[in-house]
Amino acid sequence: PKKAPMKPSAAKAAPLTGIAKMKAEIAAKKAAEEKAQQDALEEDRRNRELDRLANQQAKLDAEAEEKEQARLALEKKKEKKQEEATNKLSRLGADVIMPDIEKIRKERVEE
């Protein structure tokens with residue numbers, strides 16, 4: 001009479017011996033190596049993404065600094081023009097007022 005094949009649950013319960021044990025160890029080692037390789041690839045991908053984001057942030061920071069410098073230069077230029085205009089107005093005012101002052105002085109001296 002033929003021996004009935006073991007049920008799957010019974011096969012799992014049987015201890016691994018010899019070649020089966022070695023095959024299981026090799027499979028486990030291979031799975032661990034694949035997992036380690038996948039983890040390394042994922043870590044590399046994350047690092048590349050972090051580098052990309054850091055470079056993007058540095059570029060944005062540089063652009064913001066450049067814009068701020070341009071704004072400050074424009075503000076300084078505007079202040080200088082305003083100061084020049086004020087000085088010009090002062091000189092014009094002096095040119096208009098000084099003859100009147102001289103005229104008043106002459107009138108006082110004559111009196």
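**View 1. Glu 68 and Arg 71 form a side-chain salt bridge.** In this predicted model, the side chains of Glu 68 and Arg 71 meet in a salt bridge, with a distance of 2.7 Å from N to O. The two residues are three positions apart in helix H2, so that about one helical turn separates Glu 68 from Arg 71. Glu 68 has a relative accessible area of 31% and is therefore classed as partly exposed, and Arg 71, at 41% relative accessibility, also counts as partly exposed.

**View 2. Arg 45 is paired with Glu 42.** The side chains of these two residues, Arg 45 and Glu 42, meet in a salt bridge of 2.7 Å, taken from N to O. Both belong to helix H2, which covers residues 18-110, and because they lie three residues apart in that helix, about one helical turn separates them. Arg 45 is partly exposed, its relative accessible area being 41%, while Glu 42, with a value of 32%, is likewise partly exposed.

**View 3. Glu 42 and Arg 45 belong to a network of salt bridges.** When the view is widened around this pair, Glu 43 and Arg 46 join Glu 42 and Arg 45, and the four residues are linked in a network of salt bridges.

**View 4. Asp 44 and Arg 48 meet through their side chains.** This contact is a salt bridge with an N to O distance of 2.4 Å, formed between the side chains of Asp 44 and Arg 48. Asp 44 is partly exposed at a relative accessible area of 38%, and Arg 48 is partly exposed at 49%; because exposed means over 50% relative accessible area, the value of 49% keeps Arg 48 in the partly exposed class.

**View 5. The protein chain as a whole has two helices and zero strands.** This last legend sets the close-ups in the context of the complete chain. A search of the whole structure finds eight salt bridges, among them the pairs Glu 68 with Arg 71, Arg 45 with Glu 42 and Asp 44 with Arg 48. Of the 111 residues in the protein chain, 0% are buried. The chain exposes about 11000 Å², of which carbon and sulfur atoms supply 59%.

How values were computed: Residues numbered from 1 in each chain as written. Predicted model: local features only at pLDDT ≥ 70, side-chain atom pairs only at ≥ 80, totals over all residues. Heavy atoms only, no water. Helix = DSSP H or I, 4+ residues; strand = E, 2+ residues; numbered from the N terminus. Buried < 20%, exposed > 50% of the residue type's maximum accessible area, 1.4 Å probe, protein only. Areas by Shrake-Rupley, 256 points an atom, 1.4 Å probe, with all protein chains shown as cover.
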